[in-house]
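Let's take a friendly walk through this structure together. Please keep the sequence and the 3D view at hand as you read.

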Amino acid sequence: MAYNRPMMNRQLTDRFGRTIDYVRLSVTDRCDLRCFYCMPKGFRDFEEPEHWLRFDEIERVIAAFGRLGTRRIRITGGEPLVRKNLPDLSRRLAALPGIEDLSLSTNATRLARHAAELHASGIRRINVSLDTLRPERFKAITGGKLNKVLDGLMAAKHAGFSPIKINMVAMKGVNDDEIDSMVDFCIEHGFTLRFIETMPVGDTGREASDHYLDLQTVKQSLSERYELLPGVMPGGGPARYVQVAGTDLRIGFITPISQHFCETCNRVRLSVDGTLYMCLGQDHKFELRPLLRAGISDAELEQAIVEAIGLKPERHEFNEKPQQIVRFMSHTGG
Ligand code: SAM
Ligand code: SF4
C-alpha cells in the first residue's frame with residue numbers, strides 16, 4: 001500500500017487498483033426535512049452530540065487524507081447547514097494542504113442566510129436536492145416548504161457558486177411528469193441538472209424503490225425532445241453527462257442501479273461519528289473516533305486510513321441484496 005511513499009507521490013489505492021482521492025464528509029446525521037426515500041417521518045434516533053467528531057478532529061482526519069493524496073472533499077449530511085458554525089469548518093478545510101476542491105451538498109432550506117458566508121469560506125461548488133417545482137408535491141416528498149429552497153438557490157447564484165447542480169431523484173408516479181419542467185428551470189437559471197436513481201438504502205430507500213425509474217428511459221425520452229451531445233463536468237463524481245445542444249445545460253445521470261459505476265469509484269464516506277464507510281451499499285467500515293480520542297499520532301492516523309481503504313469492497317450489491325443496508329442515507333452521508 002502507499003503508506004511509505006515519499007510525501008509528494010502518496011496516494012491511496014485500494015485492493016482493486018482504484019485511487020481513492022475523494023471524501024464525502026458528513027457533518028451531521030440530522031436534517032430539517034424528511035424526504036420519504038431518505039429518512040422516516042418522526043425519526044429521532046440520531047447520534048449523541050458527544051459522538052460527533054469535533055471540528056478539530058474532522059480537520060485532523062481531512063488533513064491526513066490530504067497528505068495521502070485526497071484532493072476533493074464534499075461536505076454533506078444529513079443536512080450540513082443544520083450543524084452550527086459550518087463556515088468555520090469549511091474555512092479550516094479549504095486551507096488544508098492538498099485540498100483543492102471543497103464542495104457542499106445541501107437541501108438549501110437554510111442557504112439564503114448562509115450562502116455568501118459559505119462561498120467566502122472557500123466552498124465553490126454546490127449541489128442542491130430538488131425533486132419537484134410544485135409546492136404541494138414538495139411538501140408531500142420532504143415535509144418542507146419549496147419557497148425556502150428556491151430562495152436558497154437564488155442566494156447561491158447571487159453568491160457566485162459555480163456550478164450549481166440540482167439533484168433530482170427521479171421517481172415513477174412521484175415526479176416523472178416534471179422532468180421537462182426541471183430541464184426548463186435549469187436552462188432558465190444556468191443550473192446543471194442531475195437525475196438520480198433511487199437506491200435501497202434503509203427501509204425508506206427500499207420503500208421508495210417501488211417508484212424506481214430506470215434513467216436509461218429518461219435519457220431516451222429527453223433525446224426525443226432535445227439534441228444531446230456528449231458532455232463532461234468538473235467534480236470527479238459518478239454522473240455521466242450530456243449537453244443539450246443550443247443551450248448551456250448539462251444533464252447528468254447517476255445510475256447506481258441500471259448501470260453501476262463501481263469500477264471507477266474513487267471515494268469513501270466519513271460519518272458524523274467518525275466512522276469511515278467504504279461503500280454506500282456495503283457494511284465495510286472503520287471507526288476512527290476511538291483512535292482519535294485515544295490520542296493516536298498523525299502517522300498512526302494515516303496508517304489507520306490506509307488500513308481502512310484496504311477494506312473497500314469491489315462493488316455494491318443493491319440489485320442482488322437490496323435488504324442489506326439498514327442505515328439511512330442521511331446517516332452514511334449521501
Ligand atoms: N441533505 C442534503 C441533500 O439532500 O442534498 C445532503 C444529504 S442527502 C442524504 C444527499 C443526496 O442523497 C440527496 O441528493 C438525496 O436526494 C440523495 N438520497 C437520499 N436517499 C436516497 C435514496 N434512497 N436513493 C437515492 N438517493 C437518495
Ligand atoms: Fe434530509 Fe437530504 Fe435526506 Fe432529504 S435527502 S431527508 S434533505 S438528508
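## A bridge between β4 and β5

Arginine 74 has serine 103, a residue of β5, as its bridge partner. The strands involved are β4, which covers residues 72-76, and β5, which covers residues 101-106; they run parallel and are joined by four bridges. Do keep in mind as you look around that this is a predicted model.

Helix α1, made of residues 55-67, packs on the sheet. The helix touches β4 as well as β3 (22-26), β12 (267-270) and β13 (275-277). Its direction makes about 170° with that of β3.

## The whole sheet

Stepping back, we find an open sheet of 12 strands with mixed pairing.

From one strand to the next, the twist averages 25°.

## The surroundings of ligand 1

Which residues are the closest to ligand 1? They are Tyr37, Gly78, Glu79, Ser129 and Met199, out of 19 residues that surround this ligand. The sheet takes part here too: β5 and β7 (164-169) each supply at least two residues of the shell. By class, that shell has six nonpolar, 11 polar and two charged residues.

Serine 129 places a polar side-chain atom 2.7 Å from an oxygen atom of ligand 1. Glutamate 79 has a polar side-chain atom 3.2 Å from a nitrogen atom of the ligand. With methionine 199 the backbone is involved: one of its polar backbone atoms is 2.8 Å from a nitrogen atom of ligand 1. On its own, ligand 1 has 550 Å² of accessible area, and the protein covers 94% of it.

Around ligand 2 you will find Cys31, Leu33, Cys35, Cys38, Gly78 and Asn107. By class, this shell has four nonpolar and two polar residues, with no charged ones.

## Backbone details in the loops

Now for a few loops. Where does proline 163 sit? Its place is the loop between α5 (146-159) and β7. A cis peptide bond joins this proline to serine 162, with omega at about -5°.

Two residues other than glycine have a positive phi. For asparagine 85, phi is near 60°, and this residue belongs to the loop between β4 and α2 (86-94). For alanine 108, phi is near 70°, and the residue is found in the loop between β5 and α3 (111-120).

Technical notes:
Residues numbered from 1 in each chain as written. Chains lettered and ligands numbered in written order. Predicted model: local features only at pLDDT ≥ 70, side-chain atom pairs only at ≥ 80, totals over all residues. Heavy atoms only, no water. Pairing = 2+ DSSP bridges. Axes fitted to C-alpha atoms, helices over the stretch in contact; angles between N-to-C directions. Contact = heavy atoms within 4.5 Å. Near = heavy atom within 4 Å. Polar contact = N/O pair within 3.5 Å; in protein donor to acceptor, adjacent residues only side chain to side chain. Areas by Shrake-Rupley, 256 points an atom, 1.4 Å probe, with all protein chains shown as cover. Nonpolar A, V, L, I, M, F, W, Y, C, P; charged D, E, K, R; others polar.
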